[in-house]
Amino acid sequence: MRNNISLKPDFSYEKKIGGIILGIDEVGRGCIAGPVVVAGVILNDNIDTLQINDSKKLTPSKREKIFTYLKEHCHYLIESSSVEEIEEMNILQASLLAMRRVINNIEHKFDYVFVDGNISPDKSMDNISTIVGGDSKSLSIATASIFAKVTRDRFMDKLDQDYPHYLWRQNKGYGTKQHIDAIKKFGITPYHRKSFLKKIIG
């Protein structure tokens with residue numbers, strides 16, 4: 001398998017590659033609060049894939065609808081790296097760690113791994129292909145992006161109940177002006193990534 005291969009978001013096309021494909025994507029690398037979440041998805045043959053797209057191109061309600069449907073029609077695993085792990089090893093390494101957790105723990109066999117991006121989480125494996133812009137090129141990665149996005153959004157929505165000042169239900173932990181203003185006024189929480197906030201909190 002060559003790295004950075006180009007695929008169309010078509011399940012039947014991916015099946016032509018041969019074998020069982022595990023698609024992996026992450027959400028939350030650019031946030032200033034909350035974990036980074038990684039999903040791995042193995043699609044079944046007999047599912048309706050017409051609505052699947054890169055999670056960023058779908059409305060929240062559409063993502064939720066697709067997520068609810070696909071949970072019953074594919075094999076998947078969702079892992080994460082905590083704020084503590086992000087601070088300890090940096091966001092890239094924490095993201096790769098969560099990807100390895102998916103690869104090592106998913107309870108379904110696979111032949112190939114497709115990972116969104118250009119860095120392999122495990123260079124000792126020769127059946128991993130990194131795909132730049134994979135969430136718009138690979139159906140399995142696009143599906144993983146939906147699983148990761150919905151899961152992380154739900155987590156941030158729940159945290160918003162305990163920390164309403166930071167508007168996490170709206171910004172999902174990204175560094176919006178309102179979020180940064182709230183940090184300046186109310187300080188940081190255990191869910192903030194201090195290393196991302198050096199210019200704000202000193």
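A salt bridge is a side-chain nitrogen of Lys or Arg within 4 Å of a carboxyl oxygen of Asp or Glu. The legends below use a predicted model, in which local features need pLDDT of at least 70, side-chain atom pairs count only at pLDDT 80 or more, and totals for chains, interfaces and linings use all residues. Residues are numbered from 1 along each chain as its sequence is written, and side-chain values use heavy atoms, with hydrogens and water left out.

**View 1. Arg 169 and Asp 157 form a salt bridge.**
Their closest N and O atoms are 3.8 Å apart. Arg 169 lies in helix 6 (residues 168–171) and Asp 157 in helix 5, so the pair ties together parts that are 12 residues apart in sequence. Helices (H or I, at least four residues) and strands (E, at least two) are DSSP runs, numbered from the N terminus. Arg 169 is partly exposed, at 43% relative accessibility. Asp 157 is buried, at 17%. Here buried means under 20% relative accessible area, exposed means over 50%, and partly exposed is in between (1.4 Å probe, protein chains only).

**View 2. Asp 157 also meets Lys 172 in a salt bridge.**
The N to O distance is 2.5 Å. Lys 172 sits in the loop between helix 6 and helix 7 (177–186), while Asp 157 is in helix 5, so this pair links parts 15 residues apart in sequence. Both Asp 157 and Lys 172 are buried.

**View 3. Arg 169 forms a salt bridge with Asp 160.**
The closest N and O atoms of this pair are 3.9 Å apart. Asp 160 is buried, with a relative accessible area of 12%. Shared partners join Asp 157, Asp 160, Arg 169 and Lys 172 into one network of salt bridges. The structure holds 8 salt bridges.

**View 4. Helix 5 runs through residues 139–162.**
Its 24 residues should span 34 Å at 1.5 Å a residue, and its end C-alpha atoms are 36 Å apart, which agrees. The expected span is 1.5 Å times one less than the number of residues. Of the 24 residues, 18 are buried, so helix 5 is largely enclosed by the rest of the structure.

**View 5. The largest nonpolar core has 16 residues.**
A nonpolar core is a set of buried Ala, Val, Leu, Ile, Met, Phe, Trp, Tyr and Cys residues joined through side-chain atoms within 4.5 Å. Val 41, Cys 74, Ile 146 and Phe 147 have the most contacts inside this core. Strand 2, helix 2 (60–70) and helix 5 each supply at least two of its residues. Helix 5 gives the largest share, 6 residues. Apart from this core lies another, of 14 residues, among them Ile 24, Ile 42, Met 99 and Ile 106.

**View 6. Cys 74 is buried, at 9% relative accessible area.**
Leaving out residues up to four places away in sequence, Cys 74 touches Val 41, Ile 42, Leu 43, Asn 44 and Phe 147. Contact means heavy atoms within 4.5 Å. Cys 31 is also buried, at 0% relative accessibility. A search of the whole structure finds 0 disulfides; a disulfide is a pair of cysteine sulfur atoms within 2.5 Å.

**View 7. Helix 4 covers residues 91–105.**
Its 15 residues should span 21 Å at 1.5 Å a residue, and the end C-alpha atoms are 21 Å apart, which agrees. Its buried residues include Ile 91, Leu 96, Met 99 and Ile 103. The buried residues of helix 4 pack against several elements, including strand 1 (21–27), helix 3 (83–89) and strand 5 (128–131).
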